[in-house]
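Student: Could you walk me through some backbone features of this model?
Tutor: Gladly; let us look at it together.

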Amino acid sequence: MAARCSRRCSRRPSSALRASLAACAEASGSAKFTVGNTVLPEDVEATTRNMLAAHRLARQEIKALRPNVTLALVDDQASGPDSMRDAHRARVYGAWLRSAREDDYVGVQNYERAVWDAKGRLPMPKGVPTNVAGSEIYPASLANAVRYVHAETEVPILVSEHGVSSTDDRQRASLIPAALGHLRAAIAEGVPVLGYIHWSLLDNYEWGGDERARFGLVAVDRTSFRRTPKPSASALGAIARRNALSTVLGGVGAHA
């Protein structure tokens, strides 16, 4: 089972997203249409409640298959005394993590980090690399999210999504080995990581409505649908073929 909360739930949903959901509701003859991985703020409570109930009910039926819960997490970090981080984590992830403790493994999705002080989320540092949405590209965020989830659930981890939305593939090709180097360090510390799935193979349509979004290792011409592998595909492919990282990035020993 793959019950999931949003990996990119916008704090300020775009008009395009709302228009897309409204059009789907009309086409399906429903009063409301919700996509499980992009939930509007006003729908989060009901969607979370229903998805957790569905997960609990389905778990016993599919136990013989591959039950799990996959969670989208920001790498939340604390800054200074009385940081709001732990309260935020409990509110956003607590129910999901408690449910995952009964599963065989938990999937982790990660794309960014957030730093919290006593008043709230701090502004992004100046001058750091950013993705299409303007969020910081922070290679260590994946490993940090994995460590947190395993500490809370004590079950093995499967990285079910990780990547970056960028029209500059150099950012993606650089992020992959850097992030995997940090993940390798978490594995060396004893975190049981079952595997890594990159998001995504192709430049897909994003429900968030941002036409600039490009997550793929392979470019897709939206008119001809011609597919062209990017350099980042070669970067990840080389790591997979060697089953090893051959460089040291950011001070992290990356040889696996």
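**Reading the backbone**

Tutor: Glu 154 counts as exposed, because its relative accessibility is 68% (buried means under 20% relative accessible area, exposed over 50%, partly exposed in between, with a 1.4 Å probe and protein chains only). This is a predicted model: local features need pLDDT of at least 70, side-chain atom pairs count only at pLDDT 80 or more, and totals for chains, interfaces and linings use all residues. Residues are numbered from 1 along each chain as its sequence is written, and side-chain values use heavy atoms, leaving out hydrogens and water.

Student: What is the phi of Glu 154, and where does Glu 154 lie?
Tutor: Most residues other than glycine have a negative phi, and most peptide bonds are trans. Glu 154 has a positive phi, near 60°, in the loop between helix 4 (141-153) and strand 6. Helices (H or I, at least four residues) and strands (E, at least two) are DSSP runs, numbered from the N terminus.

Student: Which peptide bond is cis?
Tutor: The one from Trp 199 to Ser 200, with omega near 0°. Ser 200 sits in the loop between strand 7 and strand 8 (218-220).

Student: In what sense do strand 6 and strand 7 pair?
Tutor: Two strands pair if DSSP finds at least two bridges between them. Strand 6 (residues 157-162) and strand 7 (residues 193-196) pair in the parallel sense over three bridges. Leu 158 has Gly 195 of strand 7 as its bridge partner.
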